[in-house]
Every structure is written in C-alpha cells, then in structure tokens.
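Student: Could we take a close look at one part of this model together?

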Amino acid sequence: MFDYTFQWRQAFRALPQMLDGALVTMQIAVLSMVIGITIAVLLAVARNSGSKWLQWPAMAWVEVARNTPALFQIYMAHFGLGSFGIYLSPFVALLAGITFNNAGYLCETFRGALRAIPGTQVRAGRSLGMGQAKAFRLIVMPQMFRIAFLPTTNQMVWAILMTSLGVTVGMSTDLTGVTQDLNARTFRTFELFALAAVLYYCIAKAVMFAARLVAWRLFRY
Amino acid sequence: MIEIENVHKSFGALEVLKGINLTVDKGEVVSVIGGSGSGKSTLLTCINGLEPIDSGRILVDGTEVHAKTTDLNLLRRKIGIVFQQFNAFPHLTVLENVTLAPRKVKGMSRRDAEEIAVQQLSHVGLADKLKVYPNRLSGGQQQRMAIARALAMSPDYMLFDEVTSALDPQLVGEVLDTLKMLADDGMTMICVTHEMSFARDVSNRVAFFHKGVMAEIGPPEQIFGDAQHEETRNFLSSVR
Ligand SMILES: Nc1ncnc2c1ncn2[C@@H]1O[C@H](COP(=O)(O)OP(=O)(O)O)[C@@H](O)[C@H]1O
Ligand SMILES: [Mg+2]
C-alpha cells in the first residue's frame, strides 16, 4: 500500500515559484488587514453609536462575517456578485471576502477593547478642549489598538491561512494557487503541499515574531 | 468671572442641583464642601459644559456655557479641570500627556508646547519625570501631572474635584501644596474638597452643599467658626 516514492528534488525546484506565490499571499493578507482594521474601527464606532441606522448595518455585517463560512464569503464576492453582473477578479474577490471576514471579527475585538477604556479618559480629553472625534483619535484609539494587538495579530495569521481558499474562485498566483498548478503538472502532491505547508507555517511564525517586535517598539508603557 | 444663576439639574427623577447661585470673581478661591452625593461634582462638570443643565444659566466671562451657539471646545480651553481619578493618558509619557492638548487643540508647535510643558511640570516638581510613563508614577505624581496638563492650556479658571481623595494620606500634602501655590499665583479656582484645613487656609470663601442646595456660603471664618446653618455645623462636626 506504500508504493509512493518521494521526490523532494522536484518539489524544491519549484521553490522559487512558490516563494513568488507566498509574496502574493502576504500581499492579500496585509491588504485585507489594513482595510479590515479600518472598516472594523468604523463598525465598532457605529455599533457603539446611539443611532439605529448605524448600529443595524454594522451588526448585520458582524453577524454574517462571524457566523458563515469564510469560503462562502469569498464565493459570494466572486460568483455571487457575478450573478448581478459585478465581476470581481479572483484576486479582488479573495481580498474582498477576507477583508469582509476580518472586519467582522476585528470589530468585536475592538469593541471589547473599547469597553476596557474608562469613559473618564474621554472626559479628560474633552475637558482639555478636544472634540469627540479628536479625543477618540488621540486618546481612545491608541489604547484600543494596544489592548487589541494580540487578537489582531492572530487575525492576521488567520487571514494568511484563509487566502488558501482563493483557489476555489480561480486564484492561481498565491501560494496555494501556485502549488495547485504545479501539482496538476507534476502530481507530486505530497511533496508540494508539504512544502507549501512549511512555507505557510514560516510566514505565520514570522508574522507573530514581527508583531512582537512592533509591540515591543510601540508599547513602552 | 464665573456666574452661576439658578441652575437646576436632574439625572432622571433625581434632582441633583436645586437652584444654585454662585458668582466667582477673578482671582478668587472658592472651596466647596458637603456630603457625598450633594451635587458638588455635578456642578463642576456643568460649569465646563460636560453636563447639560435643565434650567438657569452659567456664564464664564459673559459666555453662556449651555447656549447652543457656544463653542464648548473653545470655552474649555480657558477652564481647566482636574478630577479625583487622575485620568493620566497611559499611552503617553508625562511630557506627551502635557503637550498633547497644546499641540493638538491649540495647534502649538512641538517646541513651544514642550517649553510650556517643562515649565509647568517643573512647577509641580516633575521635571525629572518627563520621559516616564504614568504607570511608573505614584498617585500624587500622577495627580500633579494632571494639574500641569490642565495648566499647560493656560486656563483662566481651574476646577478641582476632590483631587486628593484617591491618594494615600502621605501623598495628599504634595498635591495640596501645588494647589496652594496656584492660589498664591492668583489663579481663579473652585475646589471641591474634603480637606477642611485647606478650605480654611486657602480659600476666600467656602460653600457648603447639602442635598443639591448651596446651604451656606461665606468666608472660612464664618463657615468654620460661626456657621449659620445647622446642616453646616452637623457636617463639620461629622468630618472633624
Ligand atoms: N451621570 C449620572 N447619572 C445618574 N446619576 C448621577 C450621575 N452623576 C451623578 N449622579 C447622582 O447625582 C448625585 C450627585 O452626585 P455628585 O455631583 O457626584 O455628588 P458629590 O460630588 O457631591 O458627591 C448623586 O446621587 C449621584 O448618584
Ligand atoms: Mg464628587
């Protein structure tokens, strides 16, 4: 039953291509985080605002993002919108799907962090003549990001791994896409995907390490 | 000049201020004493517009605080307030805590703001803590930083809300000394306080609050020596 002969050399020859793919993977993950964080802050503010008109859409976003499969979210961005005549390329659809997911999860992370910041902080800022928005930006947001930093880092890792779902909408340039293509041509399935898995693992670890450095540099208190 | 005219204020069904009248002149130090829940803090937060009022009016240098047309952010620049909780901004160093508002509210350059901040921080004895984060400071130091932070906006008025109440007893003195120094410099101040000796020695007038009413106001000699109202006497005997 064990007549598979490993051919690692062939897999390693594909390494440069796979590294290129890893770069695309990183690109999507970073973009989806930057946009996701921005949207998540807005969603968190909307959910904490007194206005129903802001609360409801934000809540719907969070509920759907967190309680449906990420795969469906990416599918919807590609095929779902496609049926309305809105065609997103695999890259954009994947980015949109993951960003949607990220924003939903991060919104709740940020809301939790906001709860941990005493209202007296904003009061102190307002007393010094800051408007609501300025007090939020200068006093609340930096503290929020610090409290939410570790969960946000975890979300980043999650985003990297989620990019592998891109193949389902025809993504072929990211790490999984490249690996899939190579596999179709060489059938070295185990070697190629093992190598890809190692690359994903290394990227994830590198991100965690970088995050720790950033935290150490940024959060001196 | 701060003019408080017949101010009423309720939280829901609870009337917290029941027609307060008080005028504080330039250079005057008024201490506000009274039992817990008598409305002292609420009055201070009404003066700088953090809390709305139900009726009456409050004028600061002739500007009506709660008028719709009043730019509160602008008005608050000249009313410093320090709370019982120090409210240090934990993510900023001592120096950054103090320069934040001058830079981001007044639009001062970093250099100018730092010059003022260093001056204020030296004044309150924190010149050697500029680069330190607040969590490395004692309560008394954090409170002095909060005072310097308010003063860096060059306010014309300072409101103090029980600024020593959250402090360990041995740290109360250093903060009260800072307040005395300010009073000696001629700052117009309203100090809500439980420190009777401070109220007696530093203020021009002492106001006694009781259940949302300013039951009595007068020079310290009157309040502490010859109180006209029974509630005042009861309160003073309870805190002694
Ligand atoms: N934001 C608020 N919401 C509801 N009730 C409040 C609020 N702030 C203060 N109160 C109530 O108003 C009363 C007066 O409070 P406060 O002005 O803090 O009194 P003091 O400072 O004299 O102890 C208290 O009964 C308090 O519980
Ligand atoms: Mg109080």
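Student: In strand 2 of chain B, which residue is the bridge partner of B:Ile2?

Tutor: Happy to! This is a predicted model, in which local features need pLDDT of at least 70, side-chain atom pairs count only at pLDDT 80 or more, and totals for chains, interfaces and linings use all residues. Residues are numbered from 1 along each chain as its sequence is written, chains are lettered from A and ligands numbered from 1 in the order written, and side-chain values use heavy atoms, without hydrogens or water.

The partner of B:Ile2 in strand 2 of chain B is B:Val24. Strand 1 (residues 2-11) and strand 2 of chain B run antiparallel, joined by eight bridges. They belong to an open sheet of four strands in chain B, ordered 2-1-4-5 with antiparallel pairing (strands, E, at least two residues, and helices, H or I, at least four, are DSSP runs numbered from the N terminus; a pair needs at least two DSSP bridges). At the edges sit strand 2 and strand 5 (63-64) of chain B, each pairing on one side only. Helix 1 of chain B packs on this sheet, touching strand 1, strand 2 and strand 4 (55-60) of chain B (contact means heavy atoms within 4.5 Å).

Now follow strand 2 to the ligand. Strand 2 (14-24) and helix 1 (40-47) of chain B each supply at least two residues of the shell around ligand 1 (a shell residue has a heavy atom within 4 Å of the ligand). Helix 1 of chain B gives the largest share, three residues. Among the shell residues are B:Leu14, B:Val16, B:Lys40, B:Ser41 and B:Thr42. A polar side-chain atom of B:Ser41 lies 2.6 Å from an oxygen atom of ligand 1, while for a side-chain N or O atom of B:Lys40 the distance to a ligand 1 oxygen is 2.8 Å.

How values were computed: A polar contact is a pair of N or O atoms within 3.5 Å; within protein, one must be able to donate a hydrogen and the other to accept it, and residues adjacent in sequence count only if both atoms are side-chain atoms. Axes are lines fitted to C-alpha atoms, for helices over the stretch in contact, and angles run from 0 to 180 degrees between N-to-C directions.
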